[in-house]
Each structure stands twice: as structure tokens, then as C-alpha cells.
Protein chains: 2
Amino acid sequence: MAHDLDTVLAKAVTILRSFTPDDTVLSLAELTRRTGLPKATVHRLAGDLVSHRLLDRSSVGYRLSGGLFELGLRASVERSLLELAMPFLQDLYERTHETVHLGVREGHDVVYVAKIGGHRQATTPSRTGGRMPVHCTAIGKCLLAYADDEAQADVLGGPLERRTPHTVVAPGLLRRQLRTVLETGVAFEHEESAVGLQCVAAPVLAEGDRALAAISVTGPVGRFRPEAHVDAVRAAAQGLGSLVSRRRSLV
Amino acid sequence: MAHDLDTVLAKAVTILRSFTPDDTVLSLAELTRRTGLPKATVHRLAGDLVSHRLLDRSSVGYRLSGGLFELGLRASVERSLLELAMPFLQDLYERTHETVHLGVREGHDVVYVAKIGGHRQATTPSRTGGRMPVHCTAIGKCLLAYADDEAQADVLGGPLERRTPHTVVAPGLLRRQLRTVLETGVAFEHEESAVGLQCVAAPVLAEGDRALAAISVTGPVGRFRPEAHVDAVRAAAQGLGSLVSRRRSLV
DNA sequence: CGAGATCGTTCCGCTGAGCGGTACGCTCTT
DNA sequence: AAGAGCGTACCGCTCAGCGGAACGATCTCG
């Protein structure tokens with residue numbers, strides 16, 4: 001854990017954060033194990049969190065509550081971005097009928113702010129509110145290419161986790177790809193985060209250079225050719241970029 | 001405030017909850033005013049919340065952070081609902097090209113889990129993660145009609161806030177409308193939450209009777225005729241309902 | 001069927017984390 | 001120049017929070 005656990009708040013946050021995107025219900029015992037806190041403490045704190053509507057309790061354990069969902073959606077940056085982006089994402093979906101993502105960078109990860117798709121969508125590891133490493137996703141490469149040198153060096157320096165046989169784990173190759181992204185304004189992914197998936201992404205640029213998000217289209221190998229959607233993705237990203245630049249609310 | 005403010009957790013939650021959906025940045029002084037807590041206390045706690053990545057601090061004040069956004073989207077019920085619903089919402093949007101909502105009931109309010117729309121969407125008071133009173137929205141009427149008697153009586157008993165000249169504030173009339181909803185399987189709203197807006201909604205039924213959400217289409221008076229979209233809305237809601245019933249994950 | 005593991009819950013006395021009144025320096029407004 | 005309103009810092013008191021320990025209820029085996 002990043003933080004000491006000697007304050008109430010730290011412990012409460014640790015409990016909340018011990019839920020991964022794939023968890024639904026966690027038992028008291030499971031929470032105790034994950035947090036490393038004494039059982040009695042978890043019991044008391046979880047009870048408090050329930051009374052504050054950050055957790056719900058069911059017969060089998062605790063789950064993150066609707067109150068937390070509501071609170072999270074008040075985060076102004078992500079929310080405004082989402083609201084402004086939605087029409088562009090819709091356009092993109094209608095033109096492609098493939099899974100459309102909107103993501104921002106947070107450290108070495110992409111956080112997905114939105115994910116929309118139809119019934120026939122490809123099975124992707126990404127989830128709304130979920131994370132993926134920057135180096136193995138098209139959105140991530142976009143965001144990294146336009147990031148400041150420090151952040152870029154930080155990612156390129158650290159180990160690049162291999163997710164599939166196609167994941168780019170060589171820093172040199174990745175750096176060359178990033179340069180290409182800057183030249184062309186789009187990034188690709190070919191089965192680098194999950195086998196059978198391909199992806200095109202374009203950066204949402206505010207004030208010409210800073211990328212505050214990226215938009216992508218994802219589809220399965222076979223029916224989907226990423227190159228065919230370059231123009232559509234770029235149009236969506238540029239449209240959103242200029243809208244955001246006009247409304248200075250974000251940035 | 002509902003809770004006493006004599007624990008750390010209560011104070012922290014109060015600070016977080018003092019952000020309304022319309023706020024972006026709040027200054028220390030503003031937080032102090034809203035929470036009623038001593039200035040020194042707010043200062044300390046806000047600092048703690050920043051270090052735990054629940055708040056961000058900028059030069060002008062504090063805002064709810066991306067970390068909170070991420071955490072909120074792990075709330076399993078809303079999240080699974082959203083993921084399962086998205087394809088149906090997309091279909092509905094493509095058929096209508098008007099604003100599409102997905103909402104659940106929480107007490108006397110509707111909480112919007114999703115809102116999607118295009119560039120030409122009507123200006124609505126609703127926001128993703130936001131609330132509206134049940135009695136003046138089509139989604140709310142759907143959810144209320146299928147709610148248990150206790151909840152229904154609770155709403156019908158309490159005062160019904162007038163939002164526009166068309167808001168139904170007579171309990172008798174509202175009760176009759178709810179009965180019609182049960183018979184027809186759809187609910188309407190005619191400028192009852194905001195002037196110039198109309199709406200159709202249908203309930204997402206699990207196991208035949210319990211409504212765990214509702215889907216609606218909203219458009220401006222003039223170009224938009226709610227009656228024209230009854231079938232589309234009903235199809236989307238029923239499709240989602242049977243999907244959810246098959247996957248028992250929610251409920 | 002009984003021993004043991006694992007679960008959620010409750011009790012209670014010690015103690016240091018949290019508290020907030022107070023004071024200070026800064027930036028605006030008047 | 002005076003005042004209002006802001007963010008920040010200090011510090012000694014005290015009670016909220018702590019968590020080891022014990023308990024009863026379920027499971028799970030041999």
C-alpha cells in the first residue's frame with residue numbers, strides 16, 4: 001500500500017480501493033485479507049462506510065454503493081469531458097459500429113472514461129473506469145506521444161509488461177512508434193493488449209499540442225481493418241478537441 | 001446534514017458530498033461555509049483527502065478527483081447495469097437520434113446511470129450521475145409505478161415539488177397515471193420537469209415484475225412526438241430486461 | 001459425528017490522532 | 001489606510017478510535 005494505515009481516513013480509503021474493477025461483493029474476511037487490517041477494525045470501518053452510503057451490505061458481504069457511483073460522476077474534469085465527448089463518440093459509433101473508447105492518461109495507465117458498443121462488440125479487456133497500460137493500447141500510445149518528456153521517459157524506462165506475444169516491449173521500437181504517432185496523428189494497436197483485437201486512436205488536442213484525452217475504435221481481427229477508420233477517428237478527436245478548446249472549462 | 005459530524009469519516013464524507021453536480025472547483029472558504037465545519041478542520045481534512053487522491057487541488061481550490069471517478073465506476077450494480085445496457089441504448093439512439101437515458105430509483109429521486117445524445121440534443125436538466133424527482137420524469141413514473149406500495153405511498157404522501165406549470169402535483173392524478181403505466185408499460189412526460197421537453201420511458205423488468213431501471217427517450221416540443229417512439233423504447237427496455245434476468249449477476 | 005477451520009460479531013480499557021480556538025500574513029476592496 | 005476575507009500554521013487537551021481477545025454460528029473434513 002502506498003499510504004500508512006495509521007489514520008481512519010487512510011484505512012477507509014484502503015478498504016474502498018481494495019475493490020478491483022472485477023469485484024462485485026467482498027466478504028469481511030476477504031477485505032481483512034486484502035487490506036491487512038485487523039478484523040475488528042475492518043468490521044467497524046466497513047459498518048461506518050455503510051452508514052455513510054459508500055458501501056452497501058448484502059447477505060454475502062459488502063459492495064461499493066450507488067452513492068459512491070453518484071459521487072464519482074461529479075468529478076468535474078472527467079464528467080465535463082464525458083458530456084462534451086458523447087456526441088462525437090456517437091457519431092463515431094454510428095459510422096463504424098465498433099466499440100468506441102474515450103480515455104485519459106494517469107501515470108503509466110490509461111483510464112477509460114467511456115466505452116460504448118453494440119450487441120456485436122468485440123470482447124475487450126477494457127471497462128469504463130478501468131485501466132490498461134499505456135504502452136499496449138492505441139489510446140495509450142496517443143497520450144504518451146503527446147505527453148511531456150518526463151512522463152514519456154518514465155514509461156519507456158520502466159519495464160514494459162508483456163500482455164500478448166504482440167505487445168511492444170522494446171523501448172526503442174515503442175519510441176519509434178510514438179514518433180510516427182506525432183507525424184500522422186493516429187496510433188494503432190495490433191493484438192498488443194489482447195489477442196484478436198485491433199485498434200485505432202487519435203488524440204484530443206487542446207491548444208494545439210497538449211493531449212488531454214484520446215478516442216479509439218476497436219474491433220476483432222478479421223472483419224475489422226483499423227486503417228479503414230483513420231479518418232473517422234481523427235475527425236471525432238479533432239472535433240472534440242476544438243470544442244474543448246473553445247470552452248475553457250477543462251484544461 | 002443527515003449525519004452527526006463528530007467522526008473523521010463523517011466530516012470527510014460531508015466535504016465530498018458538499019460538491020453538487022454543478023460545481024467544479026470549491027474554495028476552502030466555500031467548503032467551510034457549506035459544511036459548517038471549523039476552517040482549520042476543513043483545511044486539514046481537505047489536505048488529507050488530496051493526499052488520498054479523492055480531491056485534487058488547483059490554484060483556486062479543490063475539485064473531486066479522477067481517483068474518485070474511477071472508484072465510483074467500480075460500484076458493481078450500476079456498472080454492470082451500464083455495461084449490459086449500452087448496446088440497447090445505442091440501438092435506441094440510432095433509431096431515434098434523440099437523447100437517451102438510463103435511470104434507477106433511489107428514494108424520491110431518479111439517478112441517471114447513463115445519458116447519451118448527439119450534437120443536436122435537446123437541452124435537458126438531467127446529467128449522468130445526477131438526480132431528478134421521480135414524480136416529474138417519465139423514468140421516475142415508470143420506476144414508481146412498479147415500486148412497492150410503501151415507496152409509492154411515501155412519494156404520493158409527501159409534497160410534490162412543482163418544477164414547471166405542467167408538473168403533476170396532484171397525488172390523485174399521479175396515482176391514475178401510475179396505473180396507466182402498469183397497463184401500457186410506458187410512461188410519458190409532457191414538459192413536467194422542464195419547459196419544452198417531452199419524454200417516453202419504459203421499465204426494465206427483472207423476473208416479470210420488479211423494475212430495476214428504466215429507459216427513456218427525450219426530445220424538444222415541436223420536432224419530437226413521444227408517442228412515435230413507444231415501440232422503440234419498449235423494445236430496448238424489454239431486451240435489457242430479459243438479458244438481465246438471464247444473467248443473475250444483478251438483482 | 002465430532003474436531004477443527006473460518007466466518008461475523010461484540011466487548012472494553014488504553015492512548016495518541018484528531019480537534020479547533022487562535023493567530024498570522026497575504027490579497028483585494030473601499 | 002483600514003478593513004474584510006482568504007489560506008496557512010501552531011499546539012495542548014481529550015475522547016474517538018483502536019484492536020486483541022473471546023464468542024457463537026456455519027462449514028468441512030476424516
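## Basis of the description

Two strands count as paired if DSSP finds at least two bridges between them. Helices (H or I, at least four residues) and strands (E, at least two) are DSSP runs, numbered from the N terminus. This is a predicted model, in which local features need pLDDT of at least 70 and side-chain atom pairs count only at pLDDT 80 or more, while totals for chains, interfaces and linings use all residues. Residues are numbered from 1 along each chain as its sequence is written, and chains are lettered from A and ligands numbered from 1 in the order in which they are written.

## The sheet of chain A

Chain A holds an open sheet of 6 strands in the order S5-S4-S3-S8-S7-S6, with antiparallel pairing. Strands S5 (131-133) and S6 (187-190) each have a single partner strand and stand at the edges, so one side of each is left without a neighbour in the sheet. Direction ignored, neighbouring strands are turned by 30° against each other on average; axes are lines fitted to C-alpha atoms, for helices over the stretch in contact, and angles run from 0 to 180 degrees between N-to-C directions.

S7(A) is mostly covered, with 10 of its 10 residues buried. Buried means that 20 or more other C-beta atoms, placed from the backbone, lie within 10 Å of the residue's own. Helix H6 (residues 138-145) of chain A lies across S3, S4, S5, S6, S7 and S8, running at about 30° to S7(A). Helix H9 (residues 230-246) of chain A packs on the sheet as well, touching S7 and S8, and its direction makes about 25° with that of S7(A).

## Helices H1 and H3 of chain A

The axes of H1(A) and H3(A) come within 10 Å and cross at roughly 80°. The two helices are therefore roughly perpendicular to each other, a term for angles of 65 to 115 degrees. A:Lys11, A:Ala12 and A:Ile15 in H1(A) meet residues of H3(A), among them A:Val42, A:Leu45 and A:Leu49.

## Chain A against chain B

Here 42 residues of chain A are in contact with 42 residues of chain B, contact meaning C-beta atoms, placed from the backbone, within 7 Å. Helices H1, H4 and H5 and strands S2 and S4 of chain A give two or more residues each to its side. H5(A) provides the largest share, 9 residues.

## The DNA strands

DNA strand C has 17 residues around it, of which A:Thr7, A:Ser27, A:Leu28, A:Ala29 and B:Ala40 come nearest. A residue is near a strand if its C-beta atom, placed from the backbone, lies within 6 Å of it. DNA strand D is also surrounded by 17 residues, the closest being A:Ala40, B:Thr7, B:Ser27, B:Leu28 and B:Ala29.

How values were computed: Contact = placed C-beta atoms within 7 Å. Parallel < 35°, antiparallel > 145°, perpendicular 65-115°, else oblique. Buried ≥ 20, exposed ≤ 12 C-beta atoms within 10 Å, placed from the backbone.
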